[in-house]
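The following note comments on one structure, point by point. Please read it with the structure in view.

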Amino acid sequence: MSRVPFRATYRLQLGTDLDFAAARDLVPYVAELGASHLYLSPSFQAREGSTHGYDVIDPGRVSDALGGEEGLRELSRVAREHGMGIILDIVPNHMATDDGNRFWADPALRERFFDVDPVTGRWRRFFDIDELAAVRIEDPEVFAAVSGLALRLVEEGVIDGLRVDHPDGLADPAEYLRRLREGGASHVWVEKILSSAHPPEALRADWPVEGTVGYEFANDVAALFVDPAAEVVLTELYVSLVGDARSFAAVGAEAKLEQATSSFAPEVDRLRRIWPDAPDLAAAVASLPVYRTYVEPASGHVAAADREALVHLPDALRAVLTLDDLRSAPSEFVTRFQQTTPAVMAKGVEDTAFYRYVRLLALNEVGGDPGRFGIGLEEFHRGNAGRLPQNLLVSSTHDTKRTGDVRARLVALTWMADEWAGAVRSWFEVNAELRDAALNAPTPAEELLVYQTLVGAWPIDAERLEAYLEKALREAKVSSNWIVPNLEHEAAVKAFAVALLDHGPFRYGFDVIASRVEEIGARVSLAQTLLKLTVPGLPDTYQGDELWKLALVDPDNRRPVDWPAHAALLKDLRAGAPPTGDTVKLHVTAAALDLRRRRPEAFATNNYTSIAAGDDVIAFLRGTDVLVAVAIRDGATGSAGWELPAAASGHWRDVLTGEEYDLPDGASLGGIVGPASRALLERIG
């Protein structure tokens, strides 16, 4: 069966309301939109009632609830008929410990398949989730059982590629990926979270993969539109209200250490038993600037990046972890240390510190660094030029803290920082009567989070707002938590937030701010969408995100999509209906994907040429036949100081507006960008 060239993906979250049959019905719409591949969430047998598929109980069987293997094969057949293929999300790190899991129920299989602590009988977990047990995928028999079906589906052409969930939890990610490649999986993407701290972490060059799932792009494209001039104003606002002047790095370090000494104390204790004389392990586990190192005890391989990540550790510990000292501790210590740090990082930073440090929530995204207040054009260009050609590009996923549209609205706050700061200060006064003073609910940080949540997701109903705040409060682990929730405090915060929805003194000023944020946020979102669809890489559209999608962290971002409405709107656009405020994002998405379909040679490799267009416009060529220009600041046109490469001369048409231009004569970049602040040009002569 011939493979479909990768052009763009469309992520579907399969579940009780979207099985293989329902997905099959969506194929004509997704194909018409312009995607080349359906990108499916985990589809192997999960626990009964699973809403996401990551709680697998049998990786050797396609989910019965979704339609079984025949249902998947039929979906693949229909996709092929429409010129599309399938990428499948797989879960090699863990399985659910349900009674229905034969590997867990059989004591002999459990000992072979799962990483169980022989002293406490606890097994290694997926993060801190007790009912998800880590798998010993490094064992050849376990690898065959867990990966066999996926590789067979690849070999038979049912699916074209694999997305690997959480490779950082594996004993040896590089070896696992090499085995996948040897097994016939030539197109693999890894959910590898790369640190955006300076210098930014790079994907390991020796991994046989197409790239990551794209979180680094989501963070960079948001940072590009953050106005650095707003940092002083928003920092002053945050510190004056919250009373905490610490950097995000300090807040994150504190939260990571909390996790290492509480939720992950069993993992740290296990490390201690392996090497009783090790220096302070909790502090060491919590101190890495990246998710993990990839030292390979079996081969003796230690990359320079690994040594750099460990340079701050005590000498004795660093010597063991870099294999310079092979006598003080067994190699098992190195492996388990490397498997422990990603969980501490994820739970400490993403699921704790991101909910405590609320200076600007647009920066609090998976793989992001809220202490990095924006990036410049040169850094963004470098990221584009150095990216693997098929690395995924995302703005929203099932795991992002906010959809790209919400994040864009929060970025907009930096374009109106003084106005925002003044409004927030006034709200702290006019809404004082709604607080529960006895419970200190909400705290100042919680109140600032509420205001940003409202402007980012507006309009939002009480039910969604309450559900989000409950999760946010428990994740922050300050006023409440998941283990012993403070229901009284949670109720008071929810009551405060819901009361705001109809509180006249608040709404009088809020509606003005929300309208302005919506206007700027839409411009930012459309610009970011256009960049995602045109810079080097493989763009992904999360289900429904081709229209405005104002969703918060899961499960809010997994709500059902009104597919008939989406299809009808696309049909109207194809029939010539002019794009409106409701459909302009769909128009940009479809037009850019059409261009990728017409001009595959322009997007097939990293043929990327940056164009100097001043400090406030990002512009570049893809090959010689596609030119993109986007304003990144309010009012920017690029009409002065831009330099057009010789390769760009000729006759062009903007596929978004139909306008035609002769370059370099007859038009300036300012004229091209125009009032819409964006242009997507295709050479026509």
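**Notes on the predicted model**

1. The lining of the second largest pocket comprises 9 nonpolar, 7 polar and 8 charged residues. This lining has 24 residues in total, and Leu194, Glu201, Ala202, Glu216 and Gly383 are the ones nearest the centre of the pocket. The structure discussed here is a predicted model.

2. The space in the second largest pocket amounts to about 590 Å³. Two or more lining residues come from each of the elements α7 (215-225) and α15 (377-386). Helix α15 gives the largest share, 4 residues.

3. An open sheet is formed by 8 strands with parallel pairing, in the order β11-β10-β9-β5-β2-β1-β13-β12. At its edges are β11 (211-212) and β12 (392-393), each of which pairs on one side only. In general, the strands of a sheet pair through backbone hydrogen bonds.

4. One end of this order can be followed in detail. Strand β10 (residues 188-190) pairs with β11 in the parallel sense over 2 bridges, and Val190 has Thr212 of β11 as its bridge partner. Helix α6 (residues 173-182) lies across β5 (85-90), β9 (161-164) and β10, and runs at about 165° to β9.

5. A further point concerns Ala679, a residue of strand β19 (residues 678-683). Is Ala679 buried or exposed? Ala679 counts as buried because its relative accessibility is 0%. Beyond its neighbours within four places in sequence, Ala679 is in contact with Leu530, Leu627, Val628, Ala629, Asp654, Ile672 and Val673. Ala619 is 60 residues from Ala679 in sequence, yet their C-alpha atoms are 9.3 Å apart in space.

Note on methods: Residues numbered from 1 in each chain as written. Predicted model: local features only at pLDDT ≥ 70, side-chain atom pairs only at ≥ 80, totals over all residues. Heavy atoms only, no water. Pairing = 2+ DSSP bridges. Contact = heavy atoms within 4.5 Å. Axes fitted to C-alpha atoms, helices over the stretch in contact; angles between N-to-C directions. Buried < 20%, exposed > 50% of the residue type's maximum accessible area, 1.4 Å probe, protein only. 1 Å grid on protein atoms, 1.4 Å probe; cavity = no way out; pocket = protein on both sides within 12 Å on 5 of 7 lines; lining within 4 Å. Points joined across faces, edges and corners; volume = space filled by probe spheres on them. Nonpolar A, V, L, I, M, F, W, Y, C, P; charged D, E, K, R; others polar.
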